[in-house]
Amino acid sequence: MADGILKTYLVTGGAGFIGSHFIENVLCNSGTRVVNLDKLTYAGNMHNLSGFSENQNHIFIKGDICDRRLLDKIFNEYEIDCVVNFAAESHVDRSISHSYPFIHTNVIGVMELLEAAKGHWNNFNGKLFLQISTDEVYGSLSEGVFADEKSLQRPGNPYSASKAAADLLVMSYFNTYKMPVIVTRSCNNFGSRQHFEKFIPTMVNCLKKGEKLPLYGDGLNEREWIYVKDHCSRLLDILNFGQAGEIYNIGSGCIQNNIDVIRKIIGIYNGITGSELDESVISYVKDRKGHDRRYALDYSKALKFFNWAESSDFAQTLQETIQSYL
Ligand SMILES: NC(=O)c1ccc[n+]([C@@H]2O[C@H](COP(=O)([O-])OP(=O)(O)OC[C@H]3O[C@@H](n4cnc5c(N)ncnc54)[C@H](O)[C@@H]3O)[C@@H](O)[C@H]2O)c1
């Protein structure tokens with residue numbers, strides 16, 4: 001073990017949006033070393049690592065979680081205490097047009113990671129496999145319904161189906177091999193460094209370019225939004241104090257329909273740039289196939305267990321996010 005290092009995390013997908021914020025947070029603790037394994041797909045960006053690229057406790061490895069030989073090499077070389085798996089194909093629209101990479105990375109890749117960890121962890125003392133999942137596995141919910149961890153998985157598109165399959169696989173390793181695993185299911189994240197194909201960056205980008213803002217269907221689909229830094233600090237609590245074999249929903253209580261989020265984005269954009277844009281910049285486009293209407297989490301289990309404070313203020317963190325894209 002390197003000097004002063006108490007724990008080594010294998011973080012996968014750390015050059016992506018949430019993974020890079022998570023690593024930044026983890027590295028604040030000088031006793032933790034991070035091995036960051038990322039394939040650098042179109043969604044991975046080395047620029048996301050610029051804030052901590054000089055940190056000696058961060059080791060970047062370009063590679064695929066489906067590559068078992070590479071995983072074995074990493075487990076042999078570093079004493080991995082925790083696996084935190086962010087690596088995924090993450091964009092629903094892409095899963096609808098090309099689902100194969102989603103099954104490959106999000107299901108086969110997770111199995112390879114589980115197998116590598118099982119093979120190298122002689123005993124499971126002090127080990128943990130944390131799978132980062134999503135509220136989308138619960139599928140579309142009716143008005144007034146909130147999904148808790150016991151709710152049925154009813155994924156509505158190939159992306160969420162691949163994540164649901166991975167969740168089942170991960171939990172099966174707890175039941176079968178007593179491997180210490182935890183699954184977290186977070187709602188929609190927002191913040192800096194998100195890929196431009198995602199909802200908020202797309203809208204800001206269109207505003208910047210003077211283009212129309214594409215809004216699916218009637219714009220009334222509802223999503224729950226969490227600031228990415230809140231999500232990452234909650235993940236650290238779960239890593240440190242969570243119970244193996246558990247699933248934890250990570251919600252924020254901030255449920256908004258898409259048109260309201262766009263209205264807020266336009267308002268903030270006007271405030272920052274001095275523009276006077278109104279809703280005429282919105283263009284209603286053909287709805288996504290099988291578009292889930294509403295996601296909403298009951299996250300009272302984690303809220304009570306970890307004694308979490310309220311989530312950050314949506315308007316303020318949205319402002320910071322938009323500022324980061326401008
Ligand atoms: N963004 C959200 O709102 C949200 C919400 C809930 C859960 N999640 C989950 O959180 C995780 C991270 O999401 P994100 O938004 O940061 O995604 P992202 O698309 O921004 O990043 C994914 C990262 O994984 C890497 N990657 C992809 N395939 C890989 C492979 N085979 N091997 C190694 N690396 C690979 C990419 O290069 C990229 O850096 C995903 O598992 C996603 O399902 C995301």
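A residue counts as buried if 20 or more other C-beta atoms lie within 10 Å of its own. The views below are taken from a predicted model.

**View 1. Arg193 is a buried residue in the loop between β7 and α6**. Arg193 has 23 C-beta neighbours inside 10 Å, and therefore counts as buried. The backbone of Arg193 has a positive phi of about 75 degrees, although this residue is not a glycine. Most residues other than glycine have a negative phi.

**View 2. Lys178 is an exposed residue in the loop between α5 and β6**. Strand β6 spans 181–186. Lys178 has 11 other C-beta atoms within 10 Å, so this residue is exposed. Like Arg193 in the previous view, Lys178 is not a glycine and yet has a positive phi; for Lys178 the angle is about 60 degrees.

**View 3. A shell of 31 residues surrounds the ligand**. The closest of these residues are Gly13, Gly16, Ala43, Gly44 and Ala88. By type, the shell divides into 12 nonpolar, 14 polar and 5 charged residues. At least two residues each are supplied by α1 (17–26), β2 (32–38), α4 (100–120), β5 (128–134) and β7 (188–190). Helix α1 provides the largest share, with 3 residues.

**View 4. The largest nonpolar core has 75 residues**. Phe22, Val83, Val84, Phe129, Leu130 and Ile265 have the most contacts inside this core. Helix α5 (residues 158–177) contributes the largest share of the core, 6 residues. Apart from its neighbours within four places in sequence, Ile265 is in contact with Ile200, Met203, Val204 and Ile322.

View 5. Just after the helix, Gly210 takes a positive phi of about 75 degrees.

**View 6. Strand β8 has a covered face and an uncovered face**. Leu213 and Leu215 form the covered face, while Pro214 and Tyr216 form the uncovered one. Strand β8 pairs with strand β12 (residues 282–285) in the parallel sense, over 4 bridges. The bridge partner of Leu215 in β12 is Tyr284.

**View 7. Glu136 is a buried residue in the loop between β5 and α5**. Glu136 is buried because 24 other C-beta atoms lie within 10 Å. Beyond its neighbours within four places in sequence, Glu136 is in contact with Pro155, Tyr159, Ser160, Lys163, Asp292 and Tyr295. Glu136 and Ala164 are 28 residues apart in sequence, and their C-alpha atoms are 8.5 Å apart in space.

Note on methods
Residues are numbered from 1 along each chain as its sequence is written. This is a predicted model: local features need pLDDT of at least 70, side-chain atom pairs count only at pLDDT 80 or more; totals for chains, interfaces and linings use all residues. A residue is near a molecule or strand if its C-beta atom, placed from the backbone, lies within 6 Å of it. Ala, Val, Leu, Ile, Met, Phe, Trp, Tyr, Cys and Pro count as nonpolar, Asp, Glu, Lys and Arg as charged, and the others, Gly among them, as polar. A nonpolar core is a set of buried Ala, Val, Leu, Ile, Met, Phe, Trp, Tyr and Cys residues joined through C-beta atoms within 7 Å. A residue is buried if 20 or more other C-beta atoms lie within 10 Å of its own, exposed if 12 or fewer, and partly exposed in between; C-beta atoms are placed from the backbone. Two residues are in contact if their C-beta atoms, placed from the backbone, lie within 7 Å. Two strands pair if DSSP finds at least two bridges between them.
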